[in-house]
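Here are my notes on the model, for you to read with the structure open.

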Amino acid sequence: PVAVQLSDYTAYPFEIEQVDLRFDLHPDATLVRADLKIRRTGAADAALELDGEALELKSIAIDGAPLPESAYELTESGLTLQDVPNAFTLVTEVEIAPSKNTALSGLYMSGGRFCTQCEAIGFRRITFYPDRPDVMSRFTVRMTADKETYPILLSNGTPGETGDVDDGRHFAVWDDPHKKPAYLFALCAGDYDVYRDQFTTMSGKVIDLAVHVDKGDADRAAWAMDSLKRSMKWDEETYGREYDLGVFNIVAVRDFNFGAMENKGLNIFNSAYVLADEASATDADFEAIESIVAHEYFHNWTGNRITCRDWFQLCLKEGLTVFRDQNFSADMRSRPVQRIKDVIRLRARQFAEDAGPLAHSVRPETYGAIDNLYTATVYEKGAEVIGMLRRILGEETYRKGMDLYFDRHDGQAVTIEDFYACFEEVSGDDFTQFRLWYSQAGTPEVSVEESWNPETREVAVTLKQRVPATPGQTNKKPMLIPMEMALIDDEGNMAEWITLFEDEELTLTFDLPEGSERPLVSINRDFTAPIRLKRNLDRETQLAMIRLETDPFNQWDAVQALAKQEILALSEGSQAEPDDALVDAIAAAVTGASDDPAFAALLARLPDVNELFLERQPADPVALDAARKKLQAALYGKLRQFADSVLGESSTQAYDPGAEQAGERALRTALIGLLAASGADEAGDRLLSLYKAATNMTEKLAALRGLAGLDGEARETALADFEAEWTSNPLVMDKWFGVQAGTGDAATIEKLAAHSAFDLRNPNRVRSVAAAFAMQNLAGFHAPDGSGYRVVEDIILKADKVNPALGARLLTAFEQWRSLEPKAKAEAEACLRRLQAADLSKNSADIVSRALG
Ligand code: HT7
Ligand code: ZN
């Protein structure tokens, strides 16, 4: 397939002034009529090109006159009309089959209800249309459906006329007053339970809010609603942004390719990010719901009111909106804890992507398949870049730039350059070098050399930067890297500043007053820049850092750095047992932070194999996993008493999903994880009693995960009990599949994939097995005999036939194959070559060919 290039962009030569859609909804044969009011804005001889896929054209007319077949060209990808007037109305009628749409793009059925997913290019599977984000129009929708089966009919904007028609059918009209690109179109029809509330905006408008869920699930929508109201308030207070319609609807669907979708006024969610209650959801679920509800809501301004000119600009809305949702979560919970969690995710997913064959820049310049552009780099690194921008500008100027952006570009489809022009205007700064963050792929490495002269009391810090080569990009320019820094003395006194590191090398020197001792140099505080910091510190200084650092991120990272070195040494056999003094230091850091249990939990969590993978290559995930468990066991040995006391206390408070209680549960969960890895004789029985005693899903699942990784009767008892209790709740059953896939081997996966509840049409279920194994259980997936690859290959081949976006996403698990130890590497390559020879979808073929390079 031909790659799409950013440099090929040309404006669409027509304006679509108005779109009136009529849907006659039937699962097997839905009729869609589209009336498009069109006006030429480009060349007089430009043809009208409309995208269209899997549509059966029933009729076509211009200004009321039916067109003969000779008047248009119909292909597999669309419709072209050569000679059209300068202003006209085009009416097309097409038939589509939602019940047969398993790709979950366009109009499809989930749980017997109609729903849509149009981003990025799903609208062309609904009707013929210029399916590109820079074509913005006003939409009205009229839909008819069977009244008993589909009593609720929803679309974007504001509800209009409703009524009954013949044959037990009814209709509803929706009108969206805001111009929008087709990817934000949505329609839902079905029988739902509805959780309703209202929000009064800062200017006093009352908005009707509703969350639509499966019958019987209304009580489980309360947290999503609460999160929505807090998001609306936060966007008013933090960015001055008010909601702009009288209604805001959310619909939860079981079968969804992503987390959620920000359609104008009608957000559609994967039900996993809507439904939660104490019994069935973990704290991680509550946290994810809060942040995804916020993310989709924030898109109303950063994405919907101002959208992207083309899909290369995806980070314009996604990076910015992730940055906004991360700050919302930080304000709702603990800012340092949120920052650490964001960085853990970034390092595990984005750093890995940046270091492998799928590396691409935050704003790519070419793509093969658009669905594959929704990556950790665009989202998470895109958010980091906005974070750096804000630190460079300061809060006040950043806000001024955002205000100007909203003001200047409201109602437009714009580019990254348009966005930066606003910040250049309010600050007077030039962001040309900074914008290399958008065009240069790869994680910059900053190496640090430090010296101290006791006579002159001079501290010198030399920074050197290098951006590694990535596919298609070999020679990189130095980046503008902002780094918050500090000098800290033994009493914790500090000097703080921000360094804008813009050349290949920079030396900073400081003359300290008489009597000063060597200070601690604190670099890239709060993880200012998404870089890999290379520092050769001796063990004593590293330990001092844990005690003296005043920045919580760096304090946590100092523990991580020590743990990483230790795991690497254990995995390579250069050390047989964990160093006692080091384990003592980590344990002391954990117990010392016990008045902030959420932070203590993060200190007790050792780096994942995903993160260790990047540290030394070739990587041996099996050895790394074994070494990690060894260090966990040693840490548990030191923390046994502390763990007994923390796990022995049972909470008497009523359950609350908020940060305070969640922090306490996080610590308990971390200690349960250490107990599971401890190898202690009594671990199975202890975990089983913790499983039975748990009063919430967070701790129940932690105990179950621990048990799933052990052999023996306790494991079987708990897994059987959990399955029996939750068999009718698909989201909880995903957890049951997930804990086993996350801890088992290829044989476990084969068994899970053969389970009667395994369903290739449900992305959550497929991910709970295949992604939990391939992306979180690296020792199992990268087994040197290739068994992990074969079992995942089998699932991918089947999933790809049903749902190409799902198949392609699973394939990204292979992205690090070149960095593996020789046996696994050979097996991984053989597997990728088999996949390359198979009949894959365009999405999956794109990933395989890039992975093989
Ligand atoms: N903007 C949304 C992206 C999305 C998506 C992309 C490809 C295929 C399916 C999809 N569903 C949603 C989600 C977001 O970032 O908010
Ligand atoms: Zn988004």
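Which residues in α11 meet which residues in α14? The first point takes this up.

1. **α11 against α14.** Val583, Asp584, Ile586, Ala587, Val590 and Thr591 are the α11 residues, and they meet Ala634, Leu635, Lys638, Leu639 and Phe642 in α14. Contact here is a distance rule: the C-beta atoms, placed from the backbone, lie within 7 Å. By class, this contact has eight nonpolar, one polar and two charged residues. Nonpolar covers Ala, Val, Leu, Ile, Met, Phe, Trp, Tyr, Cys and Pro; charged covers Asp, Glu, Lys and Arg; the others, Gly among them, count as polar.

2. **Basis of these notes.** This is a predicted model, in which local features need pLDDT of at least 70, side-chain atom pairs count only at pLDDT 80 or more, and totals for chains, interfaces and linings use all residues. Residues are numbered from 1 along each chain as its sequence is written, while chains are lettered from A and ligands numbered from 1 in the order in which they are written. Helices (H or I, at least four residues) and strands (E, at least two) are DSSP runs, numbered from the N terminus.

3. **Geometry of the α11 and α14 pair.** Two packed helices are described by the angle between their axes and the distance between the axes. Helix α11 spans residues 580–592 and helix α14 spans residues 621–648; their axes come within 9 Å and cross at roughly 40°. The axes are lines fitted to C-alpha atoms, for helices over the stretch in contact, and angles run from 0 to 180 degrees between N-to-C directions. α11 is therefore oblique to α14. The angle classes are roughly parallel (under 35 degrees), roughly antiparallel (over 145), roughly perpendicular (65 to 115) and oblique (the rest). The crossing of α11 and α14 is right-handed. Handedness follows the near helix: turned anticlockwise from the far one by less than a right angle is left-handed, clockwise is right-handed.

4. **α4 against α12.** Helix α4 (residues 335–354) and helix α12 (residues 597–604) have axes that come within 9 Å and cross at roughly 25°. That angle makes α4 roughly parallel to α12. The crossing is left-handed. Pro336, Val337 and Ile340 of α4 make the contact with Ala598, Phe599 and Leu602 of α12. By class, the contact has six nonpolar residues, no polar and no charged.

5. **α15 against α17.** The axes of helix α15 (residues 659–677) and helix α17 (residues 697–708) come within 9 Å, crossing at roughly 10°. α15 is therefore roughly parallel to α17. On the α15 side, the contact uses Arg665, Arg668, Thr669, Ile672, Gly673, Leu675 and Ala676; on the α17 side, Thr698, Glu699, Ala702, Ala703 and Gly706. The classes are five nonpolar, four polar and three charged.

6. **The three-stranded sheet.** This open sheet runs β28-β27-β30, with antiparallel pairing. Two strands pair if DSSP finds at least two bridges between them. β28 (494–501) and β30 (520–522) are the edges; each has a single partner strand, so one side of each is left without a neighbour in the sheet. The twist averages 25° from one strand to the next. Strand β27 (residues 481–488) is joined to β30 by three bridges. Ala486 stands opposite Ser522 in β30.

7. **The four-stranded sheet.** The order is β29-β26-β25-β31, an open sheet with mixed pairing. At its edges are β29 (505–511) and β31 (532–535), each pairing on one side only. Here the twist averages 20° from one strand to the next. Strand β26 (residues 458–466) pairs with β29 in the antiparallel sense over seven bridges. Ala460 has Thr509 in β29 as its bridge partner.

8. **Around β8.** Strand β8 (residues 78–81) runs antiparallel to strand β4 (residues 48–51), joined by four bridges. Glu49 stands opposite Thr80. Strand β7 (residues 73–74) also pairs with β8 in the antiparallel sense, over two bridges. A hairpin of three residues links β7 to β8.

9. **Ligand 1.** The shell holds 15 residues, and the closest are Glu119, Asn257, Phe258, Met261 and Tyr374. A residue counts as near if its C-beta atom, placed from the backbone, lies within 6 Å. β20 (260–261) and α2 (283–298) are the elements that give two or more residues to this shell. By class, the shell has six nonpolar, four polar and five charged residues.

Key:
Two residues are in contact if their C-beta atoms, placed from the backbone, lie within 7 Å.
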